[in-house]
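The following note is intended for a colleague who is meeting this structure for the first time. Its points go from definitions to the chain as a whole, and then to single sites.

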Amino acid sequence: MATPVSPFLIPVHELMHRPGAMRELDLDLPAPEQLGAGAAYVREGDSVELDVRLEGLHDGILVSADIRTTVSGECVRCLDPLSLDLEVEFQELFAYSEDEAFDFQVQEDHVNLEPVVRDAVVLALPFQPVCREDCPGLDPETGEKRTSSAEGPAREGVDPRWAALEGFQTEE
């Protein structure tokens, strides 16, 4: 049985050992797996748009790309589902030689963009995504979603740990 070929595998034979040669590609590929974990991630199969520029150099192939995709997840304040647009760019050299100074190599006249795209997207994911900047979150006592940030929990009594400070006033 033949191994499926990754759509992130780009042939670069016509650019190899030709400094100054260049090629541009517009790709719309499915995410090979879920990218990221936690509150924000890109679902497996979601569209990952790439504007790729491949340039032949003396040492290898320079790949520059702009990535656009949609991030799914949930708001860390109110726990509502959210969807955000993500744009990120990278530039990476795929070397001809297997030298430890280079992270990626040209392999059999191809460059594999999958690990570079995965790293760029995962590092650009928001750590604590919110549905909107002024999201009021959940009421800490009832656990219900607040409708505005000015709305605070109703305080009927004073916390007994602060009761001793109730009569304290500063003199001006």
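1. A residue is called buried under 20% relative accessible area, exposed over 50%, and partly exposed in between, with a 1.4 Å probe and protein chains only. At 36% relative accessibility, D66 therefore counts as partly exposed.

2. The model is predicted, so local features need pLDDT of at least 70 and side-chain atom pairs count only at pLDDT 80 or more, while totals for chains, interfaces and linings use all residues. Residues are numbered from 1 along each chain as its sequence is written, and side-chain values use heavy atoms, with hydrogens and water left out.

3. The protein chain holds one helix and eight strands. Helices (H or I, at least four residues) and strands (E, at least two) are DSSP runs numbered from the N terminus. Read from the N terminus, the order of the elements is β-β-β-β-β-β-β-β-α.

4. Of the 172 residues in the protein chain, 34% are buried. The accessible surface of the chain is about 11600 Å², and carbon and sulfur atoms account for 48% of that surface. These areas come from the Shrake-Rupley method with a 1.4 Å probe; for residues, only the protein chains shown count as cover.

5. Contact here means heavy atoms within 4.5 Å. Among contacts between residues at least 6 apart in sequence, 56% join residues at least 24 apart.

6. D66 lies in strand 5. Neighbours within four places in sequence aside, D66 is in contact with E49, L50, D51, V88 and E89.

7. How many aromatic pairs does a search of the whole structure find? The search finds one. F94 and F104 form this pair, which is tilted, with 5.4 Å centre to centre and 35 degrees between the planes. The pair links distant parts of the chain, since F94 belongs to strand 6 (residues 81-95) and F104 to strand 7 (residues 104-105), 10 residues apart. Rings of Phe, Tyr and Trp (its six-membered ring) pair if their centres lie within 6.5 Å; planes under 30 degrees apart count as stacked, over 60 as edge-to-face and the rest as tilted.

8. Are the members of this pair buried or exposed? F94 counts as buried because its relative accessibility is 1%. F104 is also buried, with a relative accessible area of 18%.

9. A cavity is a set of points, on a 1 Å grid over the protein atoms alone, where a 1.4 Å probe fits but cannot get out; lining residues have an atom within 4 Å of a point. Grid points are joined across faces, edges and corners, and a volume is the space filled by probe spheres set on the points. The count comes to one cavity of 30 Å³ or more, and the largest cavity holds about 30 Å³ of space.

10. Which residues line the largest cavity? They are F8, P32, L35, E114, V117 and R118. By class, the lining has four nonpolar, no polar and two charged residues. Ala, Val, Leu, Ile, Met, Phe, Trp, Tyr, Cys and Pro count as nonpolar, Asp, Glu, Lys and Arg as charged, and the others, Gly among them, as polar.

11. Most residues other than glycine have a negative phi. H17 has a positive phi, near 55 degrees. H17 sits in the loop between strand 1 (9-11) and strand 2 (22-30), and counts as exposed because its relative accessibility is 58%. L79 also has a positive phi, near 70 degrees. L79 is placed in the loop between strand 5 (60-74) and strand 6, and its relative accessible area of 48% makes L79 partly exposed.

12. A21 is in the loop between strand 1 and strand 2. A21 counts as buried because its relative accessibility is 14%. Beyond neighbours within four places in sequence, A21 is in contact with L15, L54, E55 and G56. The C-alpha atoms of A21 and I61, 40 residues apart along the chain, are separated by 9.6 Å.

13. C131 lies in the segment after helix 1 (114-124) and is partly exposed, with a relative accessible area of 33%. Setting aside neighbours within four places in sequence, C131 is in contact with C75, C78 and L82. Between the C-alpha atoms of C131 and S83, which are 48 residues apart along the chain, the separation is 8.1 Å.

Conventions
1 Å grid on protein atoms, 1.4 Å probe; cavity = no way out; pocket = protein on both sides within 12 Å on 5 of 7 lines; lining within 4 Å.
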